[in-house]
Amino acid sequence: MLLMDIITWEPKDSAKVQNLYKNYEYPEGIKIIDEWIDLTGYRMFVIYETEDEKTYTPSITPFIGLCRFETILVMRADKYMKRAQERAEKIGEKGAGAAQGKEASGELLEQIEGLEKRVERLEHHSFIQQEDTT
């Protein structure tokens, strides 16, 4: 499963967090995809993959009492859109001829289109940021 942690801390604890993180090693079973620091505040974002929740607890234990963790189950937008499209097609195959089925399929397609537009904007924004930082 793919997870994102949003980790926050109090400004007064910044030095403690920095020292702890400097020597920190993620436990076995956690594959880090990427990490970011919020340059405007006291926040860090970590995207990682793990098989189950058993590896999660040891990964945050050293930071308990110092940081707050918001953990979110995430999925790449393109993967989500593919699954949503497959589901919409599957619903269509089952003869969703009822008005409710057609309405739900239409709503799902609208959501997919909206997500596609968001992905395009994010990709464009990411490209612009890459351009600015090099």
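In what order do the 4 strands of the open sheet stand?

1. The order is 2-3-1-4, and the pairing is antiparallel. Strands here are DSSP runs (E, at least two residues), numbered from the N terminus, and two of them pair if DSSP finds at least two bridges between them. Strand 2 (30-37) and strand 4 (67-73) are at the edges; each has a single partner strand, so one side of each lacks a neighbour in the sheet.

2. This is a predicted model: local features need pLDDT of at least 70, side-chain atom pairs count only at pLDDT 80 or more, and totals for chains, interfaces and linings use all residues. Residues are numbered from 1 along each chain as its sequence is written, and side-chain values use heavy atoms, with hydrogens and water left out.

3. Strand 2 and strand 3 (residues 43-50) run antiparallel and are joined by 7 bridges.

4. The structure holds 5 salt bridges (a side-chain nitrogen of Lys or Arg within 4 Å of a carboxyl oxygen of Asp or Glu). Among them is Asp38 with Arg43, at 2.8 Å, N to O. Asp38 is buried at 14% relative accessible area, while Arg43 is partly exposed at 34% (buried means under 20%, exposed over 50%, partly exposed in between; 1.4 Å probe, protein chains only).

5. Shared partners link Lys12, Asp13 and Lys16 into one salt-bridge network. Asp13 meets Lys12 at 3.4 Å, N to O, and its closest N and O atoms with Lys16 are 4.0 Å apart. Asp13 is buried at 8%, whereas Lys12 is exposed at 69% and Lys16 is exposed at 53%.
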